[in-house]
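Thanks for coming. I'll take a few minutes to walk through one model, going from the sheets to the helices and then to some backbone details.

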Amino acid sequence: MTHKPNIYSPEIWNDPHPFYASLRREAPISQIEPSGMWAVTRYEDVLYVLKNPQLFSSEGFRPAVQPAWLQQRNPVADSLLMMDPPAHTRLRALITRTFSASGVARLEPYIRESAQSIVDDMLARRRVDFMESMALVLPSRAISALLGLDPSLAPRFKTWADAVTGVGIVPAEDMKRRAELTGYLDELKHHLTSVLELRQREPGNDVVTDLLQARAQGGSMSDDELLGYCVLLLVAGLETTYDLLGLCALTLTDNPDIWARLKKDRTLVPKFVEEVLRFHSPSQSTIRTTTQEAELGGVRLPKGATVLVQFVSASRDESVYPNAHHFDMERTGAPSLAFGQGIHFCVGAPLARLEARLALEALLEKCDRMVREPGPVTWNVAITTRGPAVLPLELIPA
Ligand code: HEM
């Protein structure tokens, strides 16, 4: 392919599936813009990249969040997401237990109560932006409870998270936005550093305290790694779950038959959430770099090639999912790659699933239906995540 399409252009970003279907058919490993990255689009190739970290290093993610123009450290660049073993293994071991299914189950009563009060509040207002009222607030409360942060800062968390992930795609000519993002990164670092100092003096029942204690007990972790960890959890815990909740609501408003089925049988909610994850891939992609010349799907990639691993495409691979472009809650077969695979498999998957289930259960219990303002969806543009930017709805009480 001589012309390299830009995946962030509105023609592709607003409806990416026809584009990726053509790549899977005609050029499953091919260079795209920005930066001439190699897009990996077939399920089998995506899995191969994720399962071979010695060939496809996560260090490749770093330049996407630490562009040359940014004159300060983006803290997420020092997080385990962008590391390979053994550093990755050392850091990941510190939180595996907290984020296990049983670890997050302790948050269930709090998240359920939060979801119910958010729906009550939305019903009282009746016409709301779902993204602002639910998709932002519920994950912010959950991640605040986990990290020991002040949940009333939710709008600030989103601004900070957008800055962490936004620096990599801000256009070169947009100096104003660059200055803004730099300021937000400063604020975020300042805030989390003060939280770390507070927890050092006054330990709490939260992940920040767990990390500080692990370090005190000899778990080696630099100051930058500690800050990077907290930032990663805040950003990863917020951005993707925000999108997932928005995509669930969008699917329900646009498919009243699915809403009716879930209303009749709530046990279908987890299956619905899994299919939304596959169908829409809130986390569209991840990034790797080749540690040596490598062959992938019959294409030779040079050493140091940046590889864009496209979950959004693998999740619609027709050779893996029968009737791949059809939304089908009864699907069995290949697991979706929405949370990744291999050593970087999403730590927060049980938490994200729990939040989505409890939000939907509260909506189904308290609402007769949700009606979306007619018109096309405006999609947010972020480096690896995609969901509705706003979702104006009317909630009709049950
Ligand atoms: C719908 C919600 C979510 C989706 C779709 C999602 C998706 C992903 C994916 C695809 C990866 C792997 C990236 C890679 O291989 O490079 C990942 C990693 C990660 N996620 Fe999530 N995530 C979600 C929610 C969460 C939540 C709620 C948290 C925590 C509060 C979280 C924390 C993490 C962390 C810490 C990693 C890095 C793991 C590692 O590098 O070993 N995620 N996530």
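This is a predicted model: local features need pLDDT of at least 70, side-chain atom pairs count only at pLDDT 80 or more; totals for chains, interfaces and linings use all residues.

**Sheets, helix packing and an iron site**

The loop between β1 and β2 has two backbone details. As background, most residues other than glycine have a negative phi, and most peptide bonds are trans. In this loop we find Pro34, and the peptide bond joining Glu33 to Pro34 is cis, with omega about 10 degrees. Ser35 lies in the loop between β1 and β2 as well, and its phi is positive, near 70 degrees, though the residue is not a glycine.

There is another cis peptide bond, from Pro85 to Pro86, with omega near 5 degrees. Pro86 sits in the loop between α4, residues 62-65, and α5, residues 87-92.

Next, the ligand. Which protein atom is the donor to its iron atom? The SG atom of Cys346 is the only protein donor, at 2.3 Å. Cys346 belongs to the loop between α16, residues 311-314, and α17, residues 349-366.

That brings us to α17 and its packing. Two packed helices are described by the angle between their axes and the distance between the axes. Helix α13, residues 223-254, packs with α17 at an angle of about 35 degrees, and their axes are 10 Å apart. This crossing is right-handed. On the α13 side the contact involves Thr241, Leu244, Leu245, Cys248 and Leu252; on the α17 side it involves Ala352, Glu355, Ala356, Ala359 and Leu360. By class, the residues of the α13 contact with α17 are 8 nonpolar, 1 polar and 1 charged.

What about α9, residues 137-147? The axes of α9 and α17 come within 11 Å and cross at roughly 135 degrees. The two helices are therefore oblique to each other. The crossing of α9 and α17 is right-handed. From α9, Leu138, Pro139, Ala142 and Leu146 meet Leu351, Glu355 and Ala359 of α17. That contact divides into 6 nonpolar residues, no polar ones and 1 charged. Glu355 and Ala359 of α17 take part in the contact with α13 and also in the contact with α9.

Last, the pairing around β10, residues 392-397. Strand β4, residues 127-129, runs antiparallel to β10, with 3 bridges between them. In this pair, Arg127 stands opposite Glu394 of β10. Strand β9, residues 367-372, is also antiparallel to β10, and 5 bridges join those two. There, Arg372 stands opposite Leu393 of β10.

That is the end of my tour.

Notes:
Residues are numbered from 1 along each chain as its sequence is written. Side-chain values use heavy atoms; hydrogens and water are left out. Donors are N, O and S atoms within 2.8 Å of the metal (3.2 Å for Na, K and Ca); water is not among the atoms, so sites may look incomplete. Helices (H or I, at least four residues) and strands (E, at least two) are DSSP runs, numbered from the N terminus. Axes are lines fitted to C-alpha atoms, for helices over the stretch in contact, and angles run from 0 to 180 degrees between N-to-C directions. A crossing is left-handed if the near helix is turned anticlockwise from the far one by less than a right angle, and right-handed if clockwise. Contact means heavy atoms within 4.5 Å. Ala, Val, Leu, Ile, Met, Phe, Trp, Tyr, Cys and Pro count as nonpolar, Asp, Glu, Lys and Arg as charged, and the others, Gly among them, as polar. Angles under 35 degrees count as roughly parallel, over 145 as roughly antiparallel, 65 to 115 as roughly perpendicular and the rest as oblique. Two strands pair if DSSP finds at least two bridges between them.
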